Amino acid sequence: QVQLVESGGGLVQPGGSLRLSCAASGSTFSIPAVGWYRQAPGEQRELVAAITRGGHTNYADSVKGRFTISRDNAKNTVYLQMNSLKPEDTAVYFCNAVATVYGMPLGSWGQGTQVTVSS
């Protein structure tokens, strides 16, 4: 059983930065990859970025060049560094184990962490 807990959200002005953390506990060796998703009000949940244990990554076109996903295997933590934030990045952000860097969530969803980009 693997549990993933998100943290690091908050309120930031347009153009600002935030770093989200996804801390894993349990049988983390069984996770092929970890993905960050987001869901804005009235919208479907979408994959933002994902990373394999070996460091292979994938990004949504809307965040390429602004967001960076990384992982610290020793700490069982995956990070999402978000720069040049825009109001349209406002959403609840979730992390989940995924089958590939293109998605396919494997676990249940947590509470997520709210990111609000506003002046």
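Student: Which residues does the disulfide join?
Tutor: The disulfide joins C22 to C95, with S to S at 2.2 Å; a disulfide here is a pair of cysteine sulfur atoms within 2.5 Å. This is a predicted model, in which local features need pLDDT of at least 70 and side-chain atom pairs count only at pLDDT 80 or more, while totals for chains, interfaces and linings use all residues. Residues are numbered from 1 along each chain as its sequence is written, and side-chain values use heavy atoms, with hydrogens and water left out.

Student: How many disulfides does the structure hold?
Tutor: It holds 1 disulfide.

Student: Where do C22 and C95 sit in the chain?
Tutor: C22 is in strand β3 and C95 in strand β9, 73 residues apart, so the pair links distant parts of the chain. Strands are DSSP runs (E, at least two residues), numbered from the N terminus.

Student: Is C22 buried or exposed? And what about C95?
Tutor: C22 counts as buried because its relative accessibility is 1%, and C95 counts as buried at 2%. The cut-offs are under 20% relative accessible area for buried, over 50% for exposed, and partly exposed in between (1.4 Å probe, protein chains only).

Student: What is the handedness of the link?
Tutor: The link of C22 and C95 is right-handed, with 80° about the S-S bond.

Student: Let's move to the core. Which residues have the most contacts inside the largest nonpolar core?
Tutor: W36, F67, I69, L80, M82 and Y93 do, in a core of 27 residues. A nonpolar core is a set of buried Ala, Val, Leu, Ile, Met, Phe, Trp, Tyr and Cys residues joined through side-chain atoms within 4.5 Å.

Student: Which strands supply at least two residues of this core?
Tutor: β3 (18-26), β4 (33-39), β5 (46-52), β7 (67-72), β8 (77-82), β9 and β11 each do. Apart from that core lies another, of 6 residues, among them A33, Y37, L47 and V98.

Student: Back to β8. How many of its residues are buried?
Tutor: In β8, 5 of its 6 residues are buried, so the strand is mostly covered.

Student: What does β8 pair with?
Tutor: β8 pairs with β3 in the antiparallel sense over 6 bridges, and with β7 in the antiparallel sense over 6 bridges. Two strands pair if DSSP finds at least two bridges between them. L80 in β8 stands opposite L20 and also opposite I69.

Student: What happens in the hairpin of β7 and β8?
Tutor: The hairpin has 4 residues between the strands, and N76 takes a positive phi near 50°.

Student: Now β11. Which residues are on its covered face?
Tutor: T113, V115 and V117 are on the covered face of β11 (residues 113-117), and Q114 and T116 are on the uncovered one. In a regular strand the side chains alternate between the two faces of the sheet.

Student: In which sense does β11 pair with β2, and with β9?
Tutor: Strand β2 (residues 10-12) pairs with β11 in the parallel sense over 3 bridges, and L11 stands opposite T116. Strand β9 (residues 91-100) pairs with β11 in the antiparallel sense over 3 bridges, and V92 stands opposite Q114.

Student: Last one, R66. Where is it, and is it buried or exposed?
Tutor: R66 is in the loop between β6 (57-59) and β7, and it is buried, with a relative accessible area of 10%. A polar atom of its side chain lies 2.9 Å from the backbone oxygen of S62.

Definitions and conventions: Polar contact = N/O pair within 3.5 Å; in protein donor to acceptor, adjacent residues only side chain to side chain.
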